[in-house]
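User: I'm new to reading protein models and would like to go through one with you. Could we take it feature by feature?

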Amino acid sequence: LIEGKVALTRSTPSEDLLLHHASTGRIIGILSLAGEKQAFFNSTTTTESTLILLSLDQLTTALRRDPEISAGLAVSAIRGLSQRLLRSEELQVERNELNLRLEREQKRLAKALRQLEEARLELVSQAKFATLGELSAGIAHELNNPVAALTAAAGHIAEDIDPILASHPQGPLLRTVTDAIR
């Protein structure tokens, strides 16, 4: 890479991962070159770029003709690998920090979920007690109506019996018994 920036991505089953961008260095594809294998990354220019594309045969020929190319290539490769290693370490630190933040957020969300569950249980309990209260009030109302009717009827009967008891020969004795019952 003579000039510009290149992003290195790797395709995975779920997504394309951006693995290097600003730290690609001047030599791209050095791992493939060293192992004489297919590229591990996909390279994409992200700015206007100037680069020299060499096949493995062209590189081998150039290295045989001029030993200084070999030294320059080694220095350039070491610099590129150093940059990638530093960026890899930075990414590791960033990943660890993100994992810690994620863990804290998970704990916060778990606590909020517990609090919501407790509030839900409290609301259910309050609703049950409110329903029980309404039921009790309804039963008390239904019981009070007949009792009130019976009390009123008993009062009317007592009013009707008082004159009858007053005219009866054993009225005072009967009045004592009816007063005890009332």
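Analyst: Glu-117 has a relative accessibility of 36%, so Glu-117 counts as partly exposed. The cut-offs are under 20% relative accessible area for buried and over 50% for exposed, with partly exposed in between (1.4 Å probe, protein chains only). Keep in mind that this is a predicted model, where local features need pLDDT of at least 70, side-chain atom pairs count only at pLDDT 80 or more, and totals for chains, interfaces and linings use all residues. Residues are numbered from 1 along each chain as its sequence is written, and side-chain values use heavy atoms, with hydrogens and water left out.

User: Which residue forms a salt bridge with Glu-117?

Analyst: First, the idea: a salt bridge is a side-chain nitrogen of Lys or Arg within 4 Å of a carboxyl oxygen of Asp or Glu. Here the partner is Arg-120, and the closest N and O atoms are 2.7 Å apart. Arg-120 is partly exposed too, at 42%.

User: How many salt bridges does the structure hold?

Analyst: It holds three. Another joins Arg-108 to Glu-105, with 2.5 Å between the closest N and O atoms. Again the residues are three apart in helix H3, which puts about one helical turn between them. Arg-108 is partly exposed at 46%, and Glu-105 is partly exposed at 33%.

User: What about Glu-103 and Lys-107: how many residues apart are they in helix H3?

Analyst: They are four residues apart, about one helical turn. Their side chains meet in a salt bridge at 3.6 Å, N to O. Glu-103 is partly exposed at 40%, whereas Lys-107 is exposed at 55%.

User: How do I read two helices packing, and at what angle do H2 and H3 pack?

Analyst: Begin with how the elements are assigned: helices (H or I, at least four residues) and strands (E, at least two) are DSSP runs, numbered from the N terminus. Axes are lines fitted to C-alpha atoms, for helices over the stretch in contact, and angles run from 0 to 180 degrees between N-to-C directions. Helix H2 (residues 56–65) packs against helix H3 (residues 67–167) at about 120 degrees, and their axes are 5 Å apart. On the H2 side, the contact (heavy atoms within 4.5 Å) uses Leu-59, Ala-62, Leu-63 and Arg-65, while H3 brings Pro-67, Ile-69, Ser-70 and Leu-73.

User: Now the sheet. In what order do the strands lie?

Analyst: In general, strands of a sheet pair through backbone hydrogen bonds, either parallel or antiparallel. Two strands count as paired if DSSP finds at least two bridges between them. This open sheet has three strands in the order E2-E1-E3, with antiparallel pairing. E2 (16–20) and E3 (42–45) are at the edges with a single partner strand each, so one side of each has no neighbour in the sheet. From one strand to the next, the twist averages 40 degrees.
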